[in-house]
Amino acid sequence: MTATSKHMVLYVLLFLTAMLLFVLDISFGSVSIPFSDVCKTLTGGNASKTTWDYIIINYRLPKAFTSVLVGTGLSISGLLMQTLFRNPLAGPYVLGLSSGSSLAVAFLILGSSFISPFWSAFFVSSCGIIVASCLGSTVVLLAVLYVSKRLRDTMAILIVGLMFGSFTNAFVGVLSYFSSAEQLQKFTFWSMGNLGNLTWTSILILAIAVMIGMLLSLLSIKSLNSLLLGENYAKSLGLNFKRSRLIIIIATSILAGSITAFAGPIAFIGLAVPHLAKLIFQTSSHSVLFWSTVLLGSSFMLLCDLISQVPGGDFTLPINAITSIIGAPVVVWLLVRKRKMMN
């Protein structure tokens, strides 16, 4: 079997796995709905109970779509950052975008005691938090772009991103120190991530942002393949390195920034999935890794969301906790395995 045929078989298997996990994610929840009724609703029919149709269409289906968008966007942005910085531990938030969003949301939630109750209720809402998160990540993005135009060394940009993260985390710590228990609880809930509080309008906006980021990533595949052997090699092939680096940074910012705004900071998906894609497909070609990362990211996020829903329980575990519990051991195992293979 040729490499292309093998990749096609793997694509089909991953696609079927993603579809199965998508249906299973919709089937499980605090309300027990028979699998046959779920299939009826998804195929345009009606379930045995009207309330089941309402739950599937207005709660479970949006959450499953959000899982697909989040898993896809974070995984692709992680692949971009790992290739750009040639660092296996680089992730979608390495530029400090998540920290910028966290700082803006912290100012909104933890600083609400310093404004009147009327304005506090207006700003500290789902819409207000999304806007604040977008503004925070945008400010950090502009700062990173400003620095990237003046620095030739890509690793220096990585260090600047990490410094932005440390700087904003320090401010969040100061705000937390002076905040009430209720404010801290609300900020903690946001930082744990949430896939189930988006309306169809919000999902549409997120989908558009993710599609723009994906399109920019697709246009960068040739550049990413050239960067595998280093900046100097890429330049010798005639690559406009500064322009390519700028497009990659913007694509990552759009993907990671929009997802953080709508779903909160979700860890380890963007770090673990690109490594899994490289391990399964045994290639470094980004034309192959792009689609494999999309399918694996969607499946991984759906699996995490499925695990977070305690069957028959009235509560859902924090999605960030689940992704970290699963993702952290995966990353450690991959790094150890890679070390053994090198020896």
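Student: Is Leu219 buried or exposed, and what is its relative accessible area?

Tutor: Please bear in mind throughout that this is a predicted model. Residues with a relative accessible area over 50% count as exposed. Leu219 has a relative accessible area of 63%, and is therefore exposed. The residue is found in helix 9, which spans residues 200-219.

Student: How far apart in space are Leu219 and Leu289?

Tutor: Their C-alpha atoms are 14 Å apart, while 70 residues separate Leu219 from Leu289 in sequence.

Student: Which residues of helix 2 and helix 3 meet?

Tutor: From helix 2 come Asp37, Val38, Thr41 and Leu42, and they meet Trp52, Asp53, Ile56, Ile57 and Leu61 of helix 3. Sorted by class, this contact has 6 nonpolar residues, 1 polar residue and 2 charged residues.

Student: Taking one of these residues, is Thr41 buried or exposed?

Tutor: Thr41, which lies in helix 2, counts as buried because its relative accessibility is 11%, and the limit for burial is under 20%. If neighbours within four places in sequence are left aside, Thr41 is in contact with Ala47, Asp53, Ile56 and Ile57.

Student: How many aromatic pairs does a search of the whole structure find?

Tutor: The search finds 7 aromatic pairs. Each pair is read from the distance between ring centres and the angle between ring planes. For Tyr11 and Phe281, the centres are 5.3 Å apart and the planes lie at 40°, so this pair is tilted.

Student: Where in the chain do Tyr11 and Phe281 lie?

Tutor: Tyr11 is in helix 1 (residues 3-27) and Phe281 is in helix 13 (residues 269-281); the pair links distant parts of the chain, 270 residues apart. Tyr11 is buried, with a relative accessible area of 16%. Phe281 is buried as well, at 3%.

Student: What kind of aromatic pair do Phe167 and Phe171 form?

Tutor: Phe167 and Phe171 form an edge-to-face pair, with 5.2 Å from centre to centre and 65° between the planes. Planes over 60 degrees apart receive that label. Both residues lie in helix 7 (residues 154-177), 4 residues apart, which is about one turn of the helix. Phe167 counts as exposed at 52% relative accessibility, whereas Phe171 is partly exposed at 38%.

Student: Which residues do ring pairs link into a cluster?

Tutor: Phe22, Phe65 and Trp200 are linked into a cluster by ring pairs.

Student: How many disulfides are there?

Tutor: A disulfide is assigned when two cysteine sulfur atoms lie within 2.5 Å. By this rule the count is 0. As for individual cysteines, Cys39 counts as partly exposed at 27% relative accessibility, and Cys304 is buried at 0%.

Student: Finally, which residues is Ser308 in contact with, leaving aside its neighbours within four places in sequence?

Tutor: Ser308 is then in contact with Thr316, Leu317, Ile319 and Ile322. Ser308 is found in helix 14 (residues 286-308), and it is buried, with a relative accessible area of 1%. From Ser308 to Asn320 the C-alpha distance is 9.5 Å, with the two residues 12 apart in sequence.

Methods
Residues numbered from 1 in each chain as written. Predicted model: local features only at pLDDT ≥ 70, side-chain atom pairs only at ≥ 80, totals over all residues. Heavy atoms only, no water. Contact = heavy atoms within 4.5 Å. Helix = DSSP H or I, 4+ residues; strand = E, 2+ residues; numbered from the N terminus. Nonpolar A, V, L, I, M, F, W, Y, C, P; charged D, E, K, R; others polar. Phe/Tyr/Trp six-rings, centres within 6.5 Å; stacked < 30°, edge-to-face > 60°. Buried < 20%, exposed > 50% of the residue type's maximum accessible area, 1.4 Å probe, protein only.
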